[in-house]
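Visitor: I would like to go through this structure with you. Could we begin with the aromatic residues?
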Amino acid sequence: MIQINRVMKESYQRIWQTVQAIPAGNVASYGQIADLAGLPGRARLVGTALKNSDEGRFQNRAIPWHRVVNSQGKISFPRQSPIYQQQVARLQEEQVIVLNGKVKLR
DNA sequence: GCGTTGACGCGGG
DNA sequence: TCCCGCGCCAACG
C-alpha cells in the first residue's frame, strides 16, 4: 500500500467496493465506476485506486479489477504486457469475448 | 513546492 | 481508425 490521507482512503474504499459489485461475466468502464462511487469525472482515480489496492483485495475480499476496461471497451494495458494477458485470460474464463484487446458487447 | 506520469474520457481532425 | 489536445488530479521523484 501507500501513504494517503483519510479523505483519499475513503474515496479508494468506495471505488474498491463499487468494483467488487461488478457481476462475473460483466464489465464496467473506469468512468462508470467513478460515477457509481460518487466521484464523477474522476476516472483516472479509479485506475490509481486499483493499482494501489492491497494485493488486489479489500476487506479480505478480491477486487475483480479485470472487469474494468476503458470507455471504448478496450483493455488499458500494453498488448505485450503480462498484466494485459492476465486480464484477457480472466475475462475469457468468465465467457467474456475479447477481440483485439476489445471486449465484445452482447 | 514543482514538474512529470498515467489502469481515463471526450471532442476534433 | 488512429492521433492530438485538453481537462482532470493523485502519486512520485
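Visitor: Is Tyr 12 buried or exposed?
Guide: In this predicted model, Tyr 12 has a relative accessibility of 5%. The cut-off for buried is under 20%, so Tyr 12 counts as buried.

Visitor: Which residue does Tyr 12 form an aromatic pair with?
Guide: Its partner is Trp 16, and the pair is tilted, with 5.7 Å centre to centre and 55° between the planes. Both residues belong to helix H1, four residues apart, which is about one turn of the helix. Trp 16 is buried as well, at a relative accessible area of 3%.

Visitor: How many aromatic pairs does the structure hold?
Guide: There are two. The other joins Trp 16 to Phe 58; this pair is also tilted, at 5.2 Å centre to centre and 45° between the planes.

Visitor: And where do those two residues lie?
Guide: Trp 16 is in helix H1 and Phe 58 in strand S2, 42 residues apart, so the pair links distant parts of the chain. Phe 58 counts as buried, with 7% relative accessibility. Together, Tyr 12, Trp 16 and Phe 58 make up one aromatic cluster.

Visitor: Changing topic: how many residues are in the largest nonpolar core?
Guide: That core has 19 residues, and among those with the most contacts inside it are Trp 16, Val 19 and Leu 50. Helices H1, H2 and H3 each give two or more residues to this core.

Visitor: What does Leu 50 touch?
Guide: Leaving aside residues up to four places away in sequence, Leu 50 touches Trp 16, Val 19, Tyr 30, Ile 63, Trp 65 and Val 68.

Visitor: Which residues does the second core include?
Guide: That separate core has eight residues, including Val 69, Tyr 84, Leu 91 and Val 103.

Notes: Residues are numbered from 1 along each chain as its sequence is written. Chains are lettered from A and ligands numbered from 1 in the order in which they are written. This is a predicted model: local features need pLDDT of at least 70, side-chain atom pairs count only at pLDDT 80 or more; totals for chains, interfaces and linings use all residues. Side-chain values use heavy atoms; hydrogens and water are left out. A nonpolar core is a set of buried Ala, Val, Leu, Ile, Met, Phe, Trp, Tyr and Cys residues joined through side-chain atoms within 4.5 Å. Buried means under 20% relative accessible area, exposed over 50%, partly exposed in between (1.4 Å probe, protein chains only). Contact means heavy atoms within 4.5 Å. Rings of Phe, Tyr and Trp (its six-membered ring) pair if their centres lie within 6.5 Å; planes under 30 degrees apart count as stacked, over 60 as edge-to-face and the rest as tilted.
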